[in-house]
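Hello! Here is the structure I promised to pass on to you. Have a look at it first, and then read on for what turned up in it.

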Amino acid sequence: MKYHQNLLLYGVLAGLVACTALLSGCGLTSAAKDESLSLSAVFKLRSLAKVEHVALSSQAAAQSLQYATLKAELDVGEVRALLVLAKNAASGQQWVGADGSGFTTWQGRITRYYTPALDLSRIEISPLYPQYGFAAAFQYGRISAPFELDNDTEQRFQVLGKATLYYDGKQPRMYWGKPTEMLQFSERIEVPSTGFTHVNYYWLDPQTFFVWESQQKWWPQMPLISIQVLKPWEAVRYP
Amino acid sequence: MRVSSRFIGRWIVSLLLSLPFSVGVCAPPQTVQIVFKGCVNEPSTYAVQSPVRLSAVLELAAVQDCAYWHGASWLKAGNQPEQLKLKTALLEEVNLLIEAAESETLQRHLRILHDQIEAMPVTGRTVPSDLDMFRVETRPLKNRLVVEDSVFWLPKRPTQLYFLGFEQGAMDYFSTQTVSDYWEKNALKPDYEKGWVYVVQANGKIEKHKVGYWTHEQAYVAPGGWIVAPLKESLFDATDDRISRDGFYRQLTQWLATQVIQP
C-alpha cells in the first residue's frame, strides 16, 4: 500500500517536473516566446533604478543611459524613481516604473497617470494647446483651453476642467550641478466639479522649447509629480 | 551516494505516467481567429498562433480615438454555455416571482423584466473586462493568454446609463452626477426597496451602494453602466424560500455584466 502511495507521489512530482519543462519549451509558440523576451528586456530596464546615482552625476552619464529615462519624484512618501520609456508613439511616451506604475506624456504634459490606487486614464486638452501652447503663452503672456479627464478608479468619465498657461519669465534651474537658464511656465488647473485647483510648472529650454522639467498634479488624490528628463526619447540638444 | 534501482524504477514509472500530459502540452500550436469590431479603422480579422498574450493581440488592432476602453468586450464562445445556463436560471426565477407577485402592477413589471432578459443575447463576454493597454501591459495578471477564437468589441462611449426598477429605463450621463443623484432624479417603481442599489459598471464590475439623503457615499457609475434597484424582500418571502433576494440579484447583475455596449 505504502509503495503505491509513494509511487503516486513520485508520479505527481515527476508529472509536474515534466509539465514545467515542457511548458517552458515546446509548449510556447513563437508569439509567446517573443513576449517572454520582451518581459526579460523590461526586467533589465527596471534594474536601471540601481544606477540612479550615476545618471544624476553628470550630463554625460545621463546621455550614456541605454534607454530614454525620466527621474520622477512624488510628494507622497518621498518616492523617487527612475522611469524608463516603455513605448514611444505619435500619441505620446509611456513611462513605467519598477512596480508597473507610471504615466504617459505628450509634449511634456501628463496625459495618463496610473498606479493601483489611482488611474487617470485620459487627460486630454485640445491638441493645439499642448503643441503650440508654450509658444503662444511665451508670445502673448497666457493661453487657456478646456480639458477632459477620465478617472477609471472612481468610474468618472468626461470630467471637465480648464487649463490656463502663463509665461513667468526666465528662471535658473540646477541640472547636474550646473545652473541653467530656462523658460518657466505656470499652468493653473481648475476642475469645478471637484473644487480642485492647482498650479503646474514647466521648465523649457529657450532654444529648443523642449520640456526638461515639470511639476504636475491633475486630480485631488494624485500626488504632485516632479519630472526631470535625464535622457530624452528624441534627438534634442541638452540645455 | 548510492541510488537504489527501486528508486530509479519508480522515477521511470512516474515519467511514463506523466507522458499523456506531455503529449497534450506538446501538441502543435493552434491558430485562433481574432476579430476586432467597433472603433477600429475597419472590422478586421487576424489569424494568430495560440497561445498568445492579450497585449500582443490588442496591438494588432488599428484602434480609433473614439474607442471606449472601459466598456470594451472580449467575447469568447467558451463563455457562452455558462452564460446560457445563467440566463435560463434567471428567467425561471423571474417566472417564479411573477407567480408569487400579488399585485397586477408588480406582475406587469416582472413580465417586462422577463422580456428584457429574454431579448438580451448570450454574448460570451469575459467579465470583469479590462482591456486597457496600459494596465494589460504593466500588470502581468491582466495580460492573459488568448487560446480560443475571440471577438474584441471596442464601442464608442455611450451617452446614457441604464436602470432597472425605476420609472425611466435610461438617462443621460453626466460626470458630475453620483449614483445617489441619479436615484433621486429617477423615480423608483412601487415594490422596490429604497436605500441601496446595485451598480453594474460598463466594465462588468458589480458594486452595491447606499443611496439617498442619509448617505455621504460618493459613488459614480460610468457611461453604459446599470443602476439596479432591488425588489422588496417580502416578494422573495412569498416564494416560500425558493428564491433568495441576494441570490437573485447576484445572478441578475452577473447577467447584466455580460451584456455589451450597443453601437
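In chain B, B:Leu164 stands opposite B:Val228 of β11(B). The two strands around that pair, β7 (residues 160-164) and β11 (residues 226-228) of chain B, run parallel and are joined by 3 bridges. A strand here is a DSSP run of E with at least two residues, a helix is a run of H or I with at least four, and both are numbered from the N terminus; two strands pair if DSSP finds at least two bridges between them.

Before you go on, please note that this is a predicted model, in which local features need pLDDT of at least 70 and side-chain atom pairs count only at pLDDT 80 or more, while totals for chains, interfaces and linings use all residues. Residues are numbered from 1 along each chain as its sequence is written, chains are lettered from A and ligands numbered from 1 in the order in which they are written, and side-chain values use heavy atoms, leaving out hydrogens and water.

Which strands make up the open sheet of chain B? There are 5, in the order β8-β7-β11-β9-β10, and their pairing is mixed. At the edges sit β8 (170-172) and β10 (206-210) of chain B, each pairing on one side only. On average, neighbouring strands of this sheet are turned by 25° against each other, direction ignored. Helix α8 (residues 245-257) of chain B packs on the sheet and touches β7, β9 (196-200), β10 and β11 of chain B; contact means heavy atoms within 4.5 Å.

Now to a pair of helices. The axes of α3 (residues 80-100) and α4 (residues 104-119) of chain B come within 9 Å and cross at roughly 170°. Axes are lines fitted to C-alpha atoms, for helices over the stretch in contact, with angles from 0 to 180 degrees between N-to-C directions. Therefore α3(B) is roughly antiparallel to α4(B), a label for angles over 145 degrees. Among the residues making the contact are B:Leu90 and B:Val94 of α3(B) and B:Leu110 and B:Ile117 of α4(B).

Chain A has hairpins to show you. Strands β7 (residues 142-151) and β8 (residues 156-175) of chain A run antiparallel, with 9 bridges, and A:Glu148 stands opposite A:Leu160 of β8(A). Their hairpin has 4 residues between the strands, and A:Gln155 takes a positive phi near 60°. β8(A) is also joined by 13 bridges to the antiparallel β9 (residues 178-191) of chain A. In that hairpin 2 residues lie between the strands, and A:Trp176 in the turn has a positive phi of about 50°.

Enjoy exploring!

Technical notes: Angles under 35 degrees count as roughly parallel, over 145 as roughly antiparallel, 65 to 115 as roughly perpendicular and the rest as oblique.
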